[in-house]
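Please find below a colleague's note on the structure. The points are numbered so that each can be checked in turn.

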Amino acid sequence: QIAAASAMAAGSAATLLAAVACAVLVLLAPAVSGDAATLESVPDLVKAMYVNIESFPCVRLLNLSGEIGCSNPGHGLVIAPIVRFKNSDDQLAQPSAVLLPLDQMPAFFLRVSNDPELYHKVAGVLVESNGDKLLELSPDRKFPQEDFAPYSNVSHDWNPSGSGIMWNRYDFPVFLLSEESTQTLRKIADKNEKSSNGYQANVAEFDLVMQTTKAETNGSESCLKEQSCLPLGGQSVWASLPPMSNASAEHQKPIIMVVASQDSASFFRDRSLGADSPISGLIALLTAVDALSHLHDLGKLKKQLVFAAFDGEAWGYLGSRKFLQELDEGDDSVNGINSSMIEQVLEIGSVGKGISQGDTLFYAHASRNSSISKKILDGLQSGSDSLGSDNVKVKPAASSNPGVPPSSLMSFMRKNTSTSGVVLEDFDSQFSNRFYHSHLDSPANINSSSIAAAAALVARSLYILATGDMTVDLMTLNTIKVNVTLVEELIGCLLTCDPGLSCGIAKSFISPSNACPSHYVGVFQDSPSSTQFPSYADDTSRFIWNFLADRTSTLASNVSSCTVKCNNESEVCVGGEVEGGGRCVVSTTRYVPAYSTRLKFEDNAWHVLPANSSDPMGAADPVWTESYWNTISLRVYAVQSTTSDRLILLAGLAVTAASYLGVVVGRAYISKITKRD
């Protein structure tokens with residue numbers, strides 16, 4: 001009987017527990033998005049309740065005077081109901097996660113920066129991704145990096161589409177949604193809007209806590225000291241064609257430097273493609289090198305060709321300035337060349353939009369009115385003429401321009417005012433790229449034929465310029481042709497996720513860490529002393545290094561396989577990362593660190609140096625750093641209303657009381673049965 005009574009009591013408890021479970025499931029049902037029949041475990045329940053959102057964050061960057069970018073305001077998560085803005089002048093009744101149409105982005109962020117009441121009600125921003133119908137979107141300033149200009153007139157609007165919103169500080173999280181996530185969030189926001197009782201049950205949970213916020217370091221100097229950030233930086237690459245012998249005096253020829261940038265910027269860290277600005281110029285440079293590499297007698301020309309791809313140019317011309325500093329100091333990374341050898345500089349800027357109404361036209365922006373600058377312009381004109389029926393035209397930029405547009409050439413000019421150089425662009429007085437430093441500067445914003453035309457113009461012009469006072473060999477000149485297929489392949493490699501850096505030409509050189517390319521410079525993680533074998537060079541830098549080493553090389557006397565180094569000092573290992581190893585070739589290809597000239601790495605830490613008079617751009621250098629973080633995530637889920645919470649509490653109290661009563665009654669019953677026996 002005792003056993004039977006115990007069983008009855010256990011049965012009652014089980015019935016009560018089952019009732020509790022049913023009540024909880026019924027009350028939680030609105031919060032669970034999955035099928036209850038498939039919930040077999042706690043992870044299944046979590047997966048059903050929380051939807052992880054594919055998105056791309058705006059992160060916190062710092063400089064010597066403060067902060068820009070985005071971060072959670074405190075040390076914890078931000079949770080807020082999702083509200084969809086239809087217009088940038090909509091109002092918020094409570095702190096909310098704003099679902100923002102992309103075309104409203106500039107106006108909204110400008111308004112937020114000037115409206116403290118609205119600012120405090122913005123818990124976070126979710127930016128929709130669909131921008132197919134947008135005509136312009138540039139979060140950069142109208143004169144990008146004006147502080148580095150080598151002239152005083154900085155009121156010129158090179159970038160008329162610029163709103164400047166990427167240079168402000170936002171103490172709330174901001175994410176760009178993928179196309180699929182945009183559709184998901186729209187449906188969720190519509191549910192909140194249509195809620196019959198006005199309660200917005202669907203919320204966004206933002207995890208964008210920056211280490212600099214936790215450490216309360218609000219500038220580059222303090223965060224580097226507290227080690228809550230790292231400096232922006234990467235690896236630039238340069239190579240000579242043909243290879244130079246460092247020890248041979250016969251190679252001390254005047255140098256024609258051909259440069260391009262390899263990094264871009266954006267409001268959203270990992271969406272910095274920069275298709276037209278500047279990757280179109282980088283692709284044109286690589287293609288021109290490929291075209292010239294087929295010539296056999298370049299060593300007999302009067303000038304030495306040196307090609308450079310600078311990293312970190314979007315953040316204070318880090319690459320070009322560091323390159324010039326290394327030249328001054330005679331570091332190993334630039335062994336074989338020095339500043340006095342550089343006679344001419346030709347920069348390939350944005351060249352992806354040079355085709356208009358069937359005509360291909362580029363503009364040459366000269367550094368100054370000098371005989372050498374005129375030689376470069378004449379060389380470009382001769383190169384254009386040699387292309388004949390291809391109809392690739394070049395014009396001098398308008399004399400009413402204040403000077404050269406924002407470009408690496410500015411670093412050379414500020415370093416040496418007598419520098420003669422030209423920037424080749426697809427615009428005259430204003431950027432033709434209406435998506436400058438925006439995530440919308442994508443492959444759809446460029447024309448591969450325009451890039452191929454620029455590469456052909458550059459390749460032929462360089463051959464003409466390198467002949468110096470010699471007679472140009474017209475037969476050789478006319479054999480210089482660009483590989484149009486290579487241009488298209490490089491666009492696929494450097495500007496798309498499919499194939500991305502898993503493309504054939506990239507995989508023949510490197511093992512990419514990520515197929516999807518991004519041209520944000522990132523942070524400098526290497527020890528500056530080991531630049532020729534950097535541990536943390538990004539995929540783009542390593543690809544450029546291997547491509548240039550391969551195309552500018554001559555075969556080694558003894559062909560040997562390699563993984564990192566070659567035995568001969570004049571040889572480098574191309575393709576050493578790939579399975580089966582690489583091969584040793586004779587090439588003058590070098591990495592050069594790209595980080596602020598105001599920084600020094602000492603005692604295993606970064607230190608900010610005072611401005612130096614020998615570095616004219618140092619005083620203007622903001623010294624950009626990026627905050628550490630632990631995790632970054634965005635997810636959405638449904639929450640109960642206050643009424644539901646109260647019902648759950650009352651149900652819990654009722655179940656507890658019933659359970660207690662059941663235990664008391666059960667004990668009395670068992671005691672009675674025991675006494676009877």
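The points below go from the whole chain to the domain interface and then to individual residues and pairs.

1. Basis of the note. The model is predicted, so local features need pLDDT of at least 70 and side-chain atom pairs count only at pLDDT 80 or more, whereas totals for chains, interfaces and linings use all residues. Residues are numbered from 1 along each chain as its sequence is written, and side-chain values use heavy atoms, with hydrogens and water left out.

2. Overall form. The C-alpha trace of the protein chain spans about 125 × 60 × 50 Å along its principal axes. The chain has 17 helices and 28 strands; helices (H or I, at least four residues) and strands (E, at least two) are DSSP runs, numbered from the N terminus. Of the 677 residues, 54% are buried, where buried means under 20% relative accessible area, exposed over 50%, and partly exposed in between (1.4 Å probe, protein chains only). Contacts (heavy atoms within 4.5 Å) between residues at least 6 apart in sequence join, in 79% of cases, residues at least 24 apart.

3. Domain division. Domain 1 comprises 46-218 + 631-640, and domain 2 comprises 233-244 + 254-553 + 588-595. These bounds come from an automatic or database domain assignment. The C-alpha centres of domain 1 and domain 2 are 34 Å apart.

4. Extent of the interface. How many residues of domain 1 are in contact with domain 2? There are 41 in domain 1, facing 37 residues of domain 2. The buried area between domain 1 and domain 2 is about 3,100 Å², with carbon and sulfur atoms giving 71%; buried area is the accessible area (1.4 Å probe) that two parts lose on being put together, summed over both. In domain 1, Gln145, Phe148 and Trp158 lose the most area to domain 2, and together they account for 23% of what that side buries.

5. On the side of domain 1 that touches domain 2, strand 2 (55-57), strand 4 (66-70), helix 3 (105-114) and strand 9 (174-177) each supply at least two residues. Strand 9 gives the most to that side, with three residues. The residues of this side divide into 30 nonpolar, seven polar and four charged. Here Ala, Val, Leu, Ile, Met, Phe, Trp, Tyr, Cys and Pro count as nonpolar, Asp, Glu, Lys and Arg as charged, and the others, Gly among them, as polar.

6. Helix 3. The buried residues in helix 3 are Met105, Pro106, Phe108, Phe109, Arg111 and Val112. Their cover includes strand 6 (96-100), helix 4 (116-119), strand 7 (122-127), strand 8 (169-170) and strand 9.

7. Glu128 and Arg186. The structure holds 22 salt bridges. One of them pairs Glu128 with Arg186, the closest N and O atoms being 2.9 Å apart. Glu128 lies in the loop between strand 7 and strand 8 and Arg186 in helix 5 (residues 179-193), so this pair ties together parts 58 residues apart in sequence. Glu128 counts as buried at 2% relative accessibility, and Arg186 counts as buried at 17%.

8. Helix 16. Arg542 forms a salt bridge with Glu577, with 2.6 Å between the closest N and O atoms. Arg542 lies in helix 16 (residues 539-551) and Glu577 in the loop between strand 22 (571-574) and strand 23 (582-586), so the pair ties together parts 35 residues apart in sequence. Arg542 is buried, at 14% relative accessible area, whereas Glu577 is partly exposed at 34%. The side chains of Arg583 and Asp550 also meet in a salt bridge (2.2 Å, N to O). This pair links Arg583 in strand 23 with Asp550 in helix 16, 33 residues apart.

9. Ser333. Is Ser333 buried or exposed? At 2% relative accessibility, Ser333 is buried. Ser333 lies in the loop between helix 9 (318-329) and strand 15 (342-348), and a polar contact of 2.5 Å joins the side chains of Ser333 and Glu326.

Technical notes
A polar contact is a pair of N or O atoms within 3.5 Å; within protein, one must be able to donate a hydrogen and the other to accept it, and residues adjacent in sequence count only if both atoms are side-chain atoms. A salt bridge is a side-chain nitrogen of Lys or Arg within 4 Å of a carboxyl oxygen of Asp or Glu.
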